[in-house]
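Okay, thanks for coming, everyone. Have a look at the model on the screen, and I'll walk you through a few places in it.

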Amino acid sequence: MIIYNKEWLNNKHIVDLLKTDYTAARITKDEFIKIKTIHPVGFYTPGLMVRIGLFILTLIIAIVATSLLVLMAFVSVHIMGSPGWPLFLGIIYYVLLEFLTKSKHYFHSGVDNALLYSSAALLGGGFIWIVIDSHFTTGDNLLGAITIAILCIYLTLRFADVVTAAVACGAIFACVYFFWALIGKFGLATMPFVMMIAAACAYFGFNRFGKNAKSLYYIDCIGIVKLISLLTLYAAGNYFVVNRLNNMLNALDDSHTAIPFGFIFWVWTIALPVIYILFGLKRKDTMLLRTGMVLVAAAIATFRVYYHLLPIEIMLTLAGIIILAGSYVIISYLKTPRHGFTYTEPEEINSADSLNLEGLAIGQATSHLPPVGQGHAARFGGGSGGGGGSSDSF
Amino acid sequence: MDNKIYQKLHSQGYLSDDSYNKISQKHLTKLFPVHWELKTLLYLGVMLLSGGLGVLIYKNIDTIGHQAVLAFIALISISCFAYCFKKKRPFTWHKAKSPNTGFDYILLLGSISMVTFVGYLQYQYQVFGLNYGMATFIPMLALFFIAYYFDHLGILSMAIASLALWMGVSVTPKTLLAYGTFNSRQIIFTYVAFGLILLFFAYLTQRFDIKKHFKFTYHHYGIHVTFIALLAGYFYNYESAANAVWLVPFVALAIYIYFDARRERSFYFILLTILYGYFALASLITRILYGYMKYDAIYLLLMCFIASAIGLIFLLININKNLKRDDHI
């Protein structure tokens, strides 16, 4: 199913694995070079910057070529007025993508990414167009979601791309939602629970599948699917989301804040992030831990929508003090590694570090400090002035 | 799954016993690094605390009084700098490692509160009177000094931003303040001068080996500002044919940056040059073709875009091949 040379994919996995050992000085340079030469990887995957450049340029070409074809076909309007037109263009891009990937051995090189997304967007748009054109009375949402899901699953299996995997996952959850909504009143009332079950099944299923040797080629795709499942699992039971969705479906305005079984959803809103963090620490799973940390903020925000216990500034100050004190204690506790946790920096060399992203971010954030002088008029503007408009015109 | 790979490599003799032991030791102990998480929490804590305190002071300014607030900010700043002077490593003209994790954040807090202090002083008491140039010049000098003395890239970015502020203020002190009525051409020339100064700093940094790792920051800001300012100059007076003169320094700069980046093997800057250059070229072609053929030009124009973009893709791939031996960024 997958388009890439499987032997090269296996070799790539081995070389990537050993590379971390090499940068951490667990193996010698000679060993690494020897292993690299007997495990050849013939893919064309340049560095990050080149990939970005190739992606932008290919996208420009795709857009310009599409508009050129549209202009040429403009003479015969009846071609363009039908869904066949985007489908036709999408197929052209897809054929080009297959051809280039096979002949040039592109592997997520920027060129193939851009072609993949263009053809997916055109094909998906064409199918949705067909669905809309057929004027179903019910179930057109479901049909649209199913088509997108099938398209993206196929593309993910063929090209192991993270973005199509994410879209496929979202489309499948949308399928579940629309399918259950077809049942009627009962379906809408039990929707949160159905979505929770679907998301939990997806997470555990892919978690198990990720440990299987067969999943090796799709490791990144499985990662993104797990992440989306975790977020959906939380959102399905979040009090705010359930409340607003309930109001929307029953045509109530947002002054209604009570929902049936509200207690369950409050427990879910507050407890699930904590559970994520605890399991993340227990299983030593970075994704669970970080998702949990982000969702704690979501839980606090949800709580504040409904209850105002403290004025915001006192809450911010208190939270800041607690977080600072807490992290200081943990850092000094972990100076020497304990219970399998350590505060030392991970040994994998992060390419973002070499870009000085942190320094640039500080410059970006602090350039909005209260300017010396009379108000904001004195600001020089840090480079987003006249040129910003001109580059948009392209 | 990964263990099998190691075992296979070991049994085939590609991994020595020594290396294999090191690897299996690592997999036995398997430490879980929480470095990133804790650092994010630290950063978040600083943000929340300073935001909360800021609002708290703002709401209670009548009862606290300006002097007390100023004294408080000064106290934070001074204690941060006192800590940094005590803990710092000896000064060097090369890259200096910070003594501990907290150091960089404390230095940052000290610098931000220093800038806030000067700004507050000027806003409330007009210490520098109407001499805004002076009011921005002093914090700028201080920031550059701190950035070099303690070797902090974030503060260098702050210093560059305040250099821009100072130049913007001192070029047109009065018109800049009267919101929106400033002379555009003057601003563009200021931008160009600012960008060129940054590029010159980058050159000096490299040439005399003064904190060589600062070059990236200077170069990054300098290239964006100069290219955008030159393009803005080109589009500012689009009707007159003479404005094409703006593209001459543009091309010269692009050539300089391209060769500098090739020597440095920095793909980020090569990419920037190519994309900015492509944009300038595209707008020039559009203009020429439109001038000759009016609306009939559109087919030719689109084909030109496609052809030039394909050409650039081959160029990028080719440069990549030549530099591949050790491309970093």
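**A walk through chains A and B**

Let's start with chain A, which has 17 helices and 1 strand. Helices here are DSSP runs of H or I with at least four residues, strands are runs of E with at least two, and both are numbered from the N terminus. Before I go on, this is a predicted model: local features need pLDDT of at least 70, side-chain atom pairs count only at pLDDT 80 or more, and totals for chains, interfaces and linings use all residues. Residues are numbered from 1 along each chain as its sequence is written, and chains are lettered from A and ligands numbered from 1 in the order in which they are written.

Chain A has 394 residues, and 31% of them are buried. I call a residue buried if 20 or more other C-beta atoms, placed from the backbone, lie within 10 Å of its own C-beta. As for contacts, meaning C-beta atoms placed from the backbone and lying within 7 Å, take those in chain A with a separation of 6 or more: 63% are between residues 24 or more positions apart.

Now helix α12 of chain A, residues 239-249. Which residues are buried there? They're A:Y239, A:V242 and A:N243. Looking down the axis of α12(A), these buried residues fall within an arc of 100 degrees (taken from the directions from the helix axis to the C-beta atoms), so they line one face of the helix.

Next, some backbone angles. After α12(A) comes A:A251, with a positive phi near 55 degrees. A:H108 also isn't a glycine, and its phi is positive, near 50 degrees. You'll find A:H108 in the loop between α5 and α6 of chain A, and this histidine is buried, with 21 other C-beta atoms within 10 Å. Over in chain B, B:D151 has a positive phi near 60 degrees. B:D151 sits in the loop between α7 and α8 of chain B and is buried, with 24 other C-beta atoms within 10 Å.

Last, the domains of chain B. An automatic or database assignment gives domain 1 (37-182) and domain 2 (185-329). Their contact takes 14 residues from domain 1 and 12 residues from domain 2. On the domain 1 side, helix α8 of chain B gives the most, with 8 residues.

How values were computed. Contact = placed C-beta atoms within 7 Å. Buried ≥ 20, exposed ≤ 12 C-beta atoms within 10 Å, placed from the backbone.
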